Amino acid sequence: MIPNADIAGGACEEVVDILENIPSDDNERRAAASVGTCDNSSGRRGGYSLWLPASFNILSIGERRQHEYSASAAVMSVLAEHASDEEPEERRIGVLDTEDKEVIYNISSTEEQINPLSKDYIGITANYFSVGLMVGGSTSLLYPVLIVKAGATASFMTASYAIVMVFWSYKIIFGFLSDCFPIAGFKRKPYIVLGWLFCMVVLVCLALEGDEIHPRHLVVMLAIANMGYVWADVAADGFMVWVAHREPIDKRGKMQTLVYSMNKLGQIVINILILFGFSGPMMNCPGYEEDPDVPCTANELVLNRVDANLLASDPYGWCHDLCHGATFNWDLKIPELAVFICFVITASMPLYLRLKEDKVESEPKGEFVMKFWSQLQRRAAWQVILYGMISHITFGVMNAAKMPANYVWLDLHTFQHQLMVIFEKVVFFIGLNMVRKYALNISWRKLVLVGSLLVLVFNSLYFLIIFDVWRDAWFYIFTDVSALFMYTLNFLASHACMIEVAEPGYEAITYSLITTASNAVSPLSAVISYQLLAFFPLLNDQASIASDTPEVRKQFASLHSIVILLNLSSLLSLPLLPRQKKETREMVAKGETSTFWGKYAIISALAFLSYSTIATFVTVKYHDIYGCFKVLGGGGCSLEESSMPAIILVSSVLLYCYGTNFYLSYLPILKGEHRFSWKMFV
């Protein structure tokens, strides 16, 4: 039993402030979040009686006692911060003896470390490589097909990008199936195999559609394929977390960065294929015809996008000539790309089938759900979920007009665009491995702060392009690739804490829930991005951007400034992010819970997911009918159409972000319950 601590003077009030960061109802505090009371019966402060946090009901009695002892040790470590001049992390660690550290920081009960590249587990990394092929292929194919070949609007392109990634926002469903419904006693391996088989069937159907598939139909097929490989990815996430839990605290994160590196490697491979396969005339020359006997089109929409010099030099046979946008004189067809990915998936199947996994008994579904719900009520869980949503919404908003502007201002064709994407993935790959080697134990807040600020610096250089100071495709590629390297720091920091929150037995569903919350707002960020275009009507169409009038530049600069300010505001949510692995595990050990905030986080994620999915689907499926509406990012279907619906929607989402963050992070400061410090952000 840990003896009660006596704290002199006014320290007791400060301790209570630290341990009770947010208000919750009295019953919750007494049942789960109460950590201490100040005895003031004598009229002066000074006595402190330590209460043990409520332990998890999913633990056995022996485990519960051990957990209570570790929770007490974590509380004592926080108290010690007020009696030492050491750094906060060092003070926490210094108070705990070796046994306490192992209880709190080591998640798995076994000390066995797994070699992820051994024959029994290499299928995990192979799975992430294949996921990279699908992610890279699906997203990188959109630019040449929609922007270059079809001349799509900015809102349609942004919505299409969101829809082909839509099932990343539904990972929680697949995580629930994986953890709650074992197949033949296995939680992971069968779902990996089934997910890839489903994806292969969709790709075969896509190949049978031929090369003349309609762009909208292509987007739908890629979205359906997305469901299959997300299914496999979620099961592999459970495997990855299971392996990461067996890593020592100072090395934990190596497995996570390894699999994400393999994901980026897969994207690099597929983008190299797209670079050389889709830089020919069929994809980059509007109206091009291979057959010399086929007459050139008279469609005005196509003729407006044809190179004027080419049209003037050969007014009747221009469609049979190579335009300047074509780097090569050959083309890879979409069905051939689909068959290539199918071949890689088929070759990887033996690695998935031989994955080593222990059989488990199926747990009663109601009991499983109740235990999982008890985990979601932990502060460590809902705070990480809320941070992920708030920061991703505000930092994920982008300038939706940049892609069409790059095409008409910088003449950024498929070859250059794919080369830029490859550079981005290579830089991301290098960044992940540098973090894996040198920065696993650096404060996550510092990584996010530095990464975000540098991203915004490089994004600000786009003003030179807007005002025609330096319009060069290679300059843009340099700024974009440099910004992505910094984004790597932001990405990893926001994902690393998820492993520490996931409990053994609930790896897939917990990890998928937190990533679902973050992914659910990615389409929402896209929706906000193209809804902002409603206030800048000259930026939604390639032809109007190409006019490059002073008014176009003014609207572009205004939109870009708004986006940068929204991205910058994401840093206000940093106090919600734990600093590092040890601090996260101490939050888990402390056992503070809140039913209200658990429900708030889940309801928020479901509301955002529903809204963004519907808005994105309508924009893609019915773009010809409803695409002109301002609420969907259009310029307006009539002169009388109001911008108020778009204003209300965007304002509501931003009010949620800033209001929630203000209540959790800054209202206690205004009330005098906490003191403001710049250390909140590092």
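Start by selecting α23, which gives the lining of the second largest cavity its largest share, 3 residues. Helices here are DSSP runs of H or I, at least four residues long, numbered from the N terminus. Before going further: this is a predicted model, where local features need pLDDT of at least 70, side-chain atom pairs count only at pLDDT 80 or more, and totals for chains, interfaces and linings use all residues. Residues are numbered from 1 along each chain as its sequence is written, and side-chain values use heavy atoms, with hydrogens and water left out.

**Stop 1: the cavity**

A cavity is a set of points, on a 1 Å grid over the protein atoms alone, where a 1.4 Å probe fits but cannot get out, and lining residues have an atom within 4 Å of a point. This one has a volume of about 110 Å³, meaning the space filled by probe spheres set on the points, which are joined across faces, edges and corners. To centre your view, pick R252, G253, L440, W444 and A496, the closest to the cavity's centre of its 14 lining residues. Colour the lining by class and you get 7 nonpolar, 4 polar and 3 charged residues; Ala, Val, Leu, Ile, Met, Phe, Trp, Tyr, Cys and Pro count as nonpolar, Asp, Glu, Lys and Arg as charged, and the others, Gly among them, as polar.

**Stop 2: R246**

Next, select R246, in the loop between α11 and α12. R246 is buried, with a relative accessible area of 14%; buried means under 20% (1.4 Å probe, protein chains only). Its side chain reaches the backbone oxygen of W242 at 2.8 Å. Show Q113 too: its C-alpha atom is 5.3 Å from that of R246, although the two are 133 residues apart along the chain.

**Stop 3: the core**

Select I192, one of the residues with the most contacts inside the largest nonpolar core, which has 163 residues. Such a core is a set of buried Ala, Val, Leu, Ile, Met, Phe, Trp, Tyr and Cys residues joined through side-chain atoms within 4.5 Å. Helix α11 (residues 215–244) contributes the largest share, 16 residues.

**Last stop: Q555**

Finish in helix α26 (residues 550–569), at Q555. Is Q555 buried or exposed? Buried, at 11% relative accessible area.

Definitions and conventions: Buried means under 20% relative accessible area, exposed over 50%, partly exposed in between (1.4 Å probe, protein chains only). Helices (H or I, at least four residues) and strands (E, at least two) are DSSP runs, numbered from the N terminus. On a 1 Å grid over the protein atoms alone, a cavity is a set of points where a 1.4 Å probe fits but cannot get out, and a pocket is an open set with protein on both sides within 12 Å along at least five of seven lines; lining residues have an atom within 4 Å of a point. A polar contact is a pair of N or O atoms within 3.5 Å; within protein, one must be able to donate a hydrogen and the other to accept it, and residues adjacent in sequence count only if both atoms are side-chain atoms.
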